[in-house]
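Please look over the sequence and the 3D structure shown here before reading on. The briefing that follows starts with the protein as a whole and then turns to particular residues, grouped by topic.

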Amino acid sequence: MYKCNLTIVFPCEFYTNSFVSKIDRVDSDENVDRMEKIISLMKRRGFVFRSSDIYGGLNGFFDYGPLGVELKHNIKDTWWSDIVTRRDDVVGLDCSVISPQKVWEASGHVAGFSDPMVDCKESKMRFRADQLFFANVIVDGEAIGYVCVQECDNIDEAIKKEAEALKGKLKKTGTLQSLVIKPVAEASDEEIALIPSPATGTIGTLTLPREFNLMFRTHIGAVSDDVSMAYLRPETAQGTFVNFLNVVNTARVKIPFGIAQTGRSFRNEITPRNFIFRSREFEQMELEFFINDSEEAWQYWHRYWIDERLKWHKSIGINENLLGLDIHKKEKLAHYSKACTDITFKYPFGIQELEGIAARGNFDLMQHQNYSGQSMEYFDEDMKRKYVPHVIEPAVGVDRILLAVVCSAYHEEKVGDEMRTVLKFVPRIAPIKAAILPLVKNNTEIIAMAQKIYKTLQRRWNVFYDTSGAIGRRYRRMDEVGTPYCITVDFDSLKDGTFTLRDRDSMEQERMSLDKLILLMNDKIF
């Protein structure tokens, strides 16, 4: 069974009049409504904006607002702390975004980093051919035509529904035979001519699939020719492989060890979609963990990193009930790959890859050795021999993580006679750690004490000071952006120096001193 998503595809323009140009349709109105509410909140409260918004937006590109950039930084800082700072066997790296053509020729990206693409000549819409599925409809041994659908959670059911509709349209009353479902990317030229466009339902309007390279080209220097051609990186990993010898020779590392890197990557996606899930500019967090060339090593470390990454996702507040594993079948692996397992997440628009953990063998280092002429061999003092190391690669997109975190945190709860919207971020990644709220704004002593608390906490964390509106309204504003703690300075505070600490999730309140609060927040955040 194929995992698929029905996509609303717009014509291939640079700009879009919609905040979200393409969102996969899902199998329930509840999920559609939930995703729309999440997107609305993220725009309204300053998490994410359309890039070049005043000019109509640039399709596949997003800008992060004040709260979004804090959340994004907290996710990256947490990953870096847990992957690099708190481990003895991983070091960091930061490579250039632009690399010469030779790097991408060696990695195989120039020749093979592409997606199959088809166009609908009637609607001018563009589709990835491996995300369209078709079947020949046969009734009592007679072929009556083809049906075609885009990705959805249950492709078998979607294709069957279309087949039954075609059968009814043609007034066929016989038995529908089992449907053989294939991606349009595997269709023959003769079949393409008979497959209806999913945009219009018209037969014969789809073009033949053709490969579309996903890398952004540029030129270095004043002359634009083949010699000056370079590429914006589609992944951070190749910079790590190219710098393997530099790290080994300078960082006193010993196998097994890892090199971690975060940074922006660029892919000219045919159909960017699902809000920030699939865009053309995004940030990655990748670890290349180098191991010896034995069978036991890659099996052990591949399993190890799957378990470690699952634990990490749960630790930052991603709902474990929505997490899963997708183990790639052997025939679907890249020719150099020994194994690959995706950690998946059930977004409102369907189950999608969140992070991939791949056993890549030594393909990348061997390719760069062959193309550069530089030996990538490592002398293992324990094994008393040289070899080109193999690698385990846990790779994840920051934007996908952020969206999964928000989807997991989003809750609507009835409190008394009204509903409250709350983002239940774990304190470690919450964009605002605490809000300081003086009960009234016309009492100089209360304001002075609230300001003192605010300035003290501000030295350690991102906190917010708010005097506007009733205290209940201020609580709700903080709930909606995921602030774990609200500190209310009131008239009793002037007597004993304590204040009211309100917990976001339970809404319970307790009196607390500043020293005790700092200890509590230190424990929850670090």
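In this protein, residues 24 or more positions apart account for 66% of the contacts with a separation of 6 or more. The model is a predicted one, and its secondary structure comes to 15 helices and 29 strands. Of the 526 residues, 52% count as buried.

**Overall dimensions, surface and charge**

- Along its principal axes, the C-alpha trace of the protein spans about 85 × 70 × 50 Å.
- The accessible surface comes to about 24,900 Å², and 49% of that surface belongs to carbon and sulfur atoms.

**Aromatic pairs and a ring cluster**

- The structure holds 20 aromatic pairs, and one of them joins phenylalanine 289 and tryptophan 305, whose ring centres are 5.4 Å apart and whose planes stand at 65 degrees, so the pair is edge-to-face.
- Because phenylalanine 289 lies in strand β16 (residues 281-291) and tryptophan 305 lies in helix α9 (residues 295-315), this pair ties together parts that are 16 residues apart in sequence.
- Phenylalanine 289 is buried, with a relative accessible area of 0%, and tryptophan 305 is also buried, with a relative accessible area of 1%.
- Tyrosine 300 and tyrosine 304 form an aromatic pair that is stacked, with 6.3 Å from centre to centre and 20 degrees between the planes.
- An α-helix has 3.6 residues a turn, so residues three or four places apart point the same way.
- Ring pairs link Phe289, Tyr300, Trp301, Tyr304 and Trp305 into a cluster.

**Charges over rings**

- Arginine 400 lies over the face of phenylalanine 277, at a distance of 3.9 Å from the ring centre.
- In another part of the sequence, the charged end of arginine 502 sits over the ring of tyrosine 475, 4.5 Å from the centre of that ring.

- Leaving aside its neighbours within four places in sequence, glutamine 369 is in contact with Gln374, Ser375, Met376, Glu377 and Val388.
- Glutamine 369 and phenylalanine 241 are 128 residues apart in sequence, and their C-alpha atoms are 10.0 Å apart in space.
- Just after α10, glycine 373 takes a positive phi of about 80 degrees.

**Backbone details in loops**

- The peptide bond from isoleucine 255 to proline 256 is cis, with omega near 5 degrees, and proline 256 lies in the loop between α8 and β15 (257-266).
- Lysine 171 has a positive phi of about 55 degrees although it is not a glycine, and this lysine 171 lies in the loop between α5 (155-169) and β11 (182-183).
- With a relative accessibility of 72%, lysine 171 counts as exposed.
- Methionine 507, which is not a glycine either, has a positive phi of about 65 degrees, and its place is in the loop between β28 (499-503) and β29 (509-512).
- Methionine 507 is partly exposed, with a relative accessible area of 29%.

**An exposed loop residue**

- Alanine 222 lies in the loop between β13 (216-219) and β14 (229-232), and at 84% relative accessibility alanine 222 counts as exposed.
- Alanine 222 and proline 348 are 126 residues apart along the chain, and their C-alpha atoms are separated by 47 Å.

How values were computed: Residues numbered from 1 in each chain as written. Predicted model: local features only at pLDDT ≥ 70, side-chain atom pairs only at ≥ 80, totals over all residues. Heavy atoms only, no water. Phe/Tyr/Trp six-rings, centres within 6.5 Å; stacked < 30°, edge-to-face > 60°. Helix = DSSP H or I, 4+ residues; strand = E, 2+ residues; numbered from the N terminus. Buried < 20%, exposed > 50% of the residue type's maximum accessible area, 1.4 Å probe, protein only. Lys NZ or Arg CZ within 6 Å of the ring centre and 35° of its normal. Contact = heavy atoms within 4.5 Å. Areas by Shrake-Rupley, 256 points an atom, 1.4 Å probe, with all protein chains shown as cover.
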